[in-house]
Structure formats: C-alpha cells, structure tokens
Amino acid sequence: MKFRAVLVATSAFILHSSAFSAPAATKPTKNLNPKLFPHTPYVPPNPLLNNQHVQTIGGAFLRDPDLTFKADFEESRVRIPTPDGDFFDVDILRRRRMKASSNPKIAVILHGLESTSTSPLCQSLSSSFVKQGIDEIHCVCFRGCSGSPNLTPGGYHLGFTDDLKQYLTDHLPQSSPKYLSGFSLGANVILKALGELSSSASTLHIKSASLLCVPFDCSLCQPKLDSPGFNKSVYSSNFLKTLIAKTVDQHSRGLMNSIPDFDINKVKKCTTIGEFDDCVVAPIYSFTSNQDYYRKSSCSQYLDSIKVPFLVINANDDPFFDKGCYVEEEKVEMMKAIYTDEGGHCGYLGGWAEETMGSFFRWTMDEDGV
C-alpha cells in the first residue's frame with residue numbers, strides 16, 4: 001500500500017506540472033463507416049506518466065473533471081423496480097430550458113466493477129458528452145452500487161444485460177437519439193447488450209456507443225488481473241474487499257438461502273477474483289463454473305451482431321487485460337478500435353479518452369444528421 005501511495009503522489013505531481021489540450025472535435029465527411037472516424041493519437045501529458053500503474057491509479061484518484069456544466073443541468077435520481085423483485089438506481093442530468101416538443105439527445109453511461117455514477121470517470125465522461133451536444137446524461141448504477149443494498153442474491157456481472165435493456169426499452173422516450181458509453185465491466189455489458197439487441201437497436205434509436213477498456217475475452221483477462229505481485233495485492237484485493245463485504249451482508253439477510261451449495265466460509269477465504277466468481281457469481285447465476293461464466297459473458301462473441309457504430313479505446317499496457325484478447329478492427333464491421341501503447345486501465349491521464357469518446361458521439365450525430 002505504501003507503493004500505491006507513492007504512485008498516487010508521483011502521478012499527482014507530474015500531472016499538475018503538465019499542460020495538455022484535449023483534441024477538438026473534427027468535422028467528419030459524410031460516411032457511415034465508423035473506421036473513418038478521425039481522432040488525435042494519445043500522447044501522455046508527461047513521459048513519466050507512461051507507467052501502467054501510475055496511469056491506472058492516477059486515473060482513479062486524480063481525475064479532475066470540469067463540473068461547471070452542471071449549473072445548466074437539473075440533477076435527479078430514479079429508482080427502477082425490476083421484474084425479479086429488485087431495483088437499480090439511475091442518476092440523471094437534464095439540460096434546463098429544453099423545449100417540451102424536442103427530442104433530447106440522451107447518453108446512457110455504465111460504470112465498471114464496484115464503481116458508481118459519482119466516480120471521477122463518469123463525471124468526466126458526462127462533461128465531455130455535454131460539450132458535444134448531449135442533452136441528458138443517464139448513469140445507470142449496477143445493483144448494489146448506488147449506496148443502497150439490493151434485494152436479491154448477487155446484483156450484476158460481466159454479462160448481466162437485463163437492467164440496461166429494461167431501462168432502454170421501458171424508461172426512455174423511444175424517439176430520442178441514444179448514445180451508450182461504458183468502461184471496463186460496463187463496456188462489456190453494453191457490447192453484449194447491443195449484440196443481443198442486434199437490429200432492434202435501431203427501433204430504440206440507439207445511434208452509437210463509445211467504450212473504454214473493453215475485456216473482450218474475460219477468460220484471458222481474469223488470470224491477468226489475479227496474477228501474483230502488484231495486480232493481486234493491489235487491484236484484486238481492493239475489489240474483493242467490497243465484493244466479499246456485500247456478499248456477507250446478503251448472506252446475513254438470508255438472500256443466499258435459495259442458492260444451492262452456497263458456502264459463505266469459502267467466500268470469506270477468497271483471495272482472487274477468479275475464486276470469488278467461482279463460488280459466488282457462478283452459483284447465483286447458474287453458471288457451472290467461473291470459466292463457464294467468462295465464456296458465456298464475454299462480449300467478443302456478440303460483436304458481429306451489433307448494427308450500430310461503436311468506438312473501442314484500449315491500452316496495450318492495461319494491467320488488467322491480456323492483450324491477446326483484443327479484437328482486430330477489420331474483423332468487425334461496425335467497430336472503430338483505437339489501441340494505444342500507454343493508458344493503463346481507465347487511466348489516460350490528461351482527458352484524451354473522454355474527449356475522443358465524446359467526439360465520436362458528435363461525429364455520429366453529424367453522420368446521422370441529428
């Protein structure tokens with residue numbers, strides 16, 4: 001943990017001593033091919049920020065999003081009941097003084113594992129999207145991630161698309177253009193959902209998606225995240241603290257009584273994400289094992305069914321992912337992939353990723369004449 005503190009302090013010093021200008025949105029030519037999306041390459045704001053762990057930890061703790069835009073927006077939270085007797089919360093920002101007859105441009109954001117709508121990255125994405133003409137931001141909190149314990153066993157996982165599809169289908173105006181964005185686990189959920197929706201996404205007026213740090217093949221990524229050393233002692237252990245605590249709480253409330261062969265003592269002894277997925281996620285959601293869970297939840301198998309343009313930004317030095325899982329852009333018709341040398345996991349210090357993701361939305365708006 002001392003090393004983590006040193007990394008945070010070092011990256012803070014470097015970041016605040018660096019100047020960076022985010023790329024401006026470029027006017028595209030009129031073409032629906034997402035591979036023609038123009039973008040500025042990522043260059044870390046300082047050479048000392050090239051380290052993958054500095055980027056990853058700095059991105060989590062040092063993002064300083066510009067929230068001045070909120071003065072022009074109204075904030076609210078809605079609680080959405082689910083068919084299985086649970087709920088999820090959605091935090092919404094709506095532009096003030098919108099015409100009642102207008103169809104607002106809506107961005108729906110999904111966060112990552114054990115994150116939430118108030119995370120710096122969600123806030124930074126919101127700021128970028130608003131600058132590109134989005135009228136409403138809807139940040140969907142996964143079950144149990146909004147500050148209120150959920151009411152059924154588990155809550156969410158890499159392939160759990162039910163809540164997102166329910167929200168898109170039943171709780172948003174069908175005629176409004178919609179733009180989906182997510183990072184890490186949330187990015188996987190969005191791509192899987194778009195593949196499941198396939199051509200029906202157009203009926204919901206989903207125009208495009210911008211994703212950051214996509215774990216295309218979860219069976220390859222889990223061993224990397226749990227690898228001995230820094231990954232296991234810092235990243236995995238931090239995720240497990242809240243995951244195990246939530247599971248113990250659910251067990252104490254009797255929510256696990258209906259789960260066959262559930263063993264809370266095994267849960268308490270988990271030292272890796274893989275072990276947790278095997279003794280918690282798999283039995284709750286009827287997977288035969290963690291490998292069965294990863295195989296069925298990975299978004300890579302759904303990409304060919306996606307019918308809307310989508311942008312993927314991944315870093316080759318992401319400490320969570322095995323680079324071997326990355327999908328080549330030319331193999332997927334609707335995908336624009338930007339694979340950078342540096343960036344870490346959801347790092348990209350300096351704001352380039354958020355600005356590029358927002359610019360992709362603007363580009364697809366122009367392409368579509370929105």
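**The cavity and the annotated site**

Tutor: The lining of the largest cavity has six nonpolar residues, no polar ones and one charged one (Val, Leu and Phe count as nonpolar, Asp as charged). This is a predicted model: local features need pLDDT of at least 70, side-chain atom pairs need 80 or more, and totals for chains, interfaces and linings use all residues. Numbering starts from 1 along each chain as its sequence is written, and side-chain values use heavy atoms, without hydrogens or water.

The lining residues are Leu-110, Val-140, Phe-142, Phe-160, Asp-163, Leu-164 and Val-189. A cavity is a set of points on a 1 Å grid where a 1.4 Å probe fits but cannot get out, and lining residues have an atom within 4 Å of a point. The structure holds one cavity of 30 Å³ or more.

Now the marked spot. In an unreviewed entry, UniProt places "active site" at Ser-184, Asp-318 and His-345. These residues span 162 residues in sequence, yet no two of their C-alpha atoms are more than 10.9 Å apart, so they gather at one spot.

Ser-184 is buried (under 20% relative accessible area), at 12%. His-345 is buried too, at 8%. Ser-184 is in contact (heavy atoms within 4.5 Å) with residues including Gly-112, Leu-212 and His-345, leaving aside neighbours within four places in sequence. With that exclusion, His-345 is in contact with Ser-184 and Asp-318, among others including Thr-56 and Cys-213.

Definitions and conventions
On a 1 Å grid over the protein atoms alone, a cavity is a set of points where a 1.4 Å probe fits but cannot get out, and a pocket is an open set with protein on both sides within 12 Å along at least five of seven lines; lining residues have an atom within 4 Å of a point. Grid points are joined across faces, edges and corners, and a volume is the space filled by probe spheres set on the points. UniProt positions are given in the numbering used here, feature names are shortened, and annotations may be inferred rather than shown by experiment. Buried means under 20% relative accessible area, exposed over 50%, partly exposed in between (1.4 Å probe, protein chains only).
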